[in-house]
Amino acid sequence: GNPSGKVITAAGDTLQTTFCNIALVKNPGDPGDIRRLVVTSKNKNTGAASYTAKLRISYGTWQFDVEIVQETFAKYSNRTINILTGAGEIGHLGTSVGTAAYYSQLRNVLDNTANFSPSGTVTIKGFAYNQIYRGAPGLMSTSAADLTGIEKFLATYHIIFLSYNCNPSTQVASLLAQWVQADRHRVLVIGTDYVGTNDNLKYLAYADGIPTFTYYAPYTIADALTRPADNTPENAPFLNGIFGYVSPSTTYTKYDDTLGFAAYTSATTGVTPIVVLCKSNVAGTNVAVGVNQSKRTVYFGDASLIGSPMSNTGLADTDLNRLMANLWAWMAEQVVWED
C-alpha cells in the first residue's frame with residue numbers, strides 16, 4: 001500500500017509515532033550521501049504486546065519498507081542472566097550464595113529489584129553469579145582434559161567478566177574468544193588494568209585497532225577518569241541510556257594509580273569509548289573503558305571503578321552509578337533480545 005504521514009528528507013528532520021521518535025541524522029565525517037536513521041523509544045513497553053510502526057525509505061529508484069518493533073519487556077521477565085567472574089581477585093562479583101563480591105557497589109546496583117527485575121527498569125528475572133578459579137584447573141589450565149571440562153562449563157554463562165589479575169592460559173583464552181563469537185547472546189568483559197591482566201586475551205583488542213595498553217606513569221592518582229565529552233549515537237546506550245544521562249563534567253576519583261588505558265586513534269575500529277583518562281583533568285583520547293558493540297566485548301581498564309568511586313546505595317543516583325547501570329543494561333539486552 002501507499003504510505004501516509006510526514007515525509008522527512010533532510011538531516012535534522014524527525015518523525016514521531018505513538019511509541020518512538022525517528023530522526024534523520026548526518027554524523028561528522030559521513031560522506032556526502034550518507035544519512036542515518038536513529039530510532040528512540042519514548043517509554044518502556046510494559047504492555048502485553050509489542051509496538052510496531054512501518055516506514056518506507058526511498059532513494060532514487062530504490063524503495064523498501066522497514067518495520068520498527070518495540071518488544072514488550074514482559075517476554076523477558078523470567079530470564080536469568082548467568083555471570084562468571086575470576087575468583088578471589090579485585091573486581092570479582094562473588095557467587096549467588098556464599099561468596100560476597102569484592103566490591104559491594106556494583107552488586108548492589110545489579111541486585112536492586114528497582115533496577116533489574118520483572119518490575120524493574122530492566123525487565124529480567126535477575127542475575128546469577130559464579131566464579132572460576134584463576135589457576136589450574138581453571139583459567140590457567142592447559143591439559144586437554146581440563147580444557148574439555150572448561151569449554152562445557154563456559155557454555156552455561158551469558159556474561160564473563162575477567163577483572164584485574166585474571167590471566168587465562170593461551171588455550172583458555174582461545175576458548176573464551178570462541179565462546180563469545182559462537183553465540184550473539186554472550187558478552188565478554190576483559191580487564192586491562194595491568195600488564196599481567198588478561199595478556200592472552202588482549203589480541204582481541206589489537207584486532208580492533210587498539211595499538212597497545214599503557215599502565216601507570218606518567219599518570220597518577222591525581223589524574224581523573226570521566227566520560228567522553230561528545231554525545232554520539234554509538235555512546236548513547238551507555239552515556240544517555242535507560243538509567244539516565246551521564247554528565248561530562250563529573251570526574252571519578254581513581255582508587256589508586258593502577259589502571260590500563262589505550263590511545264584512541266583513527267585506526268581504532270568499532271570500539272566506543274565510554275570512560276576516558278584525564279591528564280590534569282583535561283579529557284583526552286586515552287580510553288579506560290571501551291565497548292565493541294558488534295563483537296559484544298568490553299575492555300575494562302580499572303576494576304576499582306565498580307568499587308568506591310560508585311555510591312553504595314544500589315541506585316542510579318550518581319553519574320558513575322548511571323554509567324555502570326547503563327553498561328549492564330546494554331549487556332543484559334545483548335543476552336535476552338531475540339534475533
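Reply: The lining of the largest cavity divides into seven nonpolar residues, two polar ones and no charged ones. The model is a predicted one. Its lining residues are Thr-192, Ile-210, Phe-213, Ala-262, Val-271, Val-287, Ala-288, Gly-290 and Tyr-299. Strand β17, residues 282-292, gives the most to this lining, with three residues. The space inside the largest cavity is about 50 Å³. The structure holds two cavities of 30 Å³ or more.

Gly-290, one of the residues lining the largest cavity, is also in contact with Thr-297. Thr-297 belongs to strand β18, which covers residues 297-300. Because its relative accessibility is 4%, Thr-297 counts as buried. Apart from neighbours within four places in sequence, the contacts of Thr-297 are Leu-188, Ile-190, Gly-290, Val-291 and Asn-292. The side chain of Thr-297 also reaches the backbone oxygen of Lys-295, at 3.1 Å. Between Thr-297 and Val-187 there are 5.9 Å from C-alpha to C-alpha, although the two are 110 residues apart in sequence.

Around it stand Phe-161, Val-189, Val-298, Phe-300, Ile-306, Leu-327, Trp-328 and Met-331. By class, these are eight nonpolar residues, with no polar and no charged ones. The largest share of the lining, three residues, comes from α6.

Several of these names return in the largest nonpolar core. That core has 48 residues, and those touching the most other members are Phe-116, Val-298, Phe-300, Met-324, Leu-327 and Trp-328. Helix α6, residues 319-336, gives the most to the core, with twelve residues. A separate core of 28 residues includes Leu-139, Ile-160, Leu-162 and Cys-166. As for Met-324, once its neighbours within four places in sequence are left aside, it is in contact with Leu-106, Phe-300, Leu-305, Ile-306 and Met-310. Of these partners, Phe-300 and Ile-306 are among the residues lining the second largest cavity.

Helix α6 has a part in an open space as well. The largest pocket contains about 1,700 Å³ of space. It is lined by 44 residues, and the closest to its centre are Val-39, Thr-40, Ser-41, Pro-237 and Glu-333. Two or more lining residues come from each of β2 (20-25), β3 (36-41), β5 (62-70), α5 (236-239), β12 (240-241) and α6. Of these, α6 gives the most, with seven residues. The lining has 23 nonpolar, 14 polar and seven charged residues.

The second largest pocket has a volume of about 970 Å³. Ile-8, Leu-55, Arg-56, Ile-57 and Ser-58 lie nearest its centre, among 30 lining residues. The elements giving two or more residues to this lining are β1 (14-16), β2, β3, β4 (51-59) and β5. Strand β4 provides the largest share, seven residues. By class, 13 residues of the lining are nonpolar, ten are polar and seven are charged.

Note on methods. Residues numbered from 1 in each chain as written. Predicted model: local features only at pLDDT ≥ 70, side-chain atom pairs only at ≥ 80, totals over all residues. Heavy atoms only, no water. Core = buried A, V, L, I, M, F, W, Y, C linked by side-chain atoms within 4.5 Å. Buried < 20%, exposed > 50% of the residue type's maximum accessible area, 1.4 Å probe, protein only. Helix = DSSP H or I, 4+ residues; strand = E, 2+ residues; numbered from the N terminus. Contact = heavy atoms within 4.5 Å. Polar contact = N/O pair within 3.5 Å; in protein donor to acceptor, adjacent residues only side chain to side chain. 1 Å grid on protein atoms, 1.4 Å probe; cavity = no way out; pocket = protein on both sides within 12 Å on 5 of 7 lines; lining within 4 Å. Points joined across faces, edges and corners; volume = space filled by probe spheres on them. Nonpolar A, V, L, I, M, F, W, Y, C, P; charged D, E, K, R; others polar.
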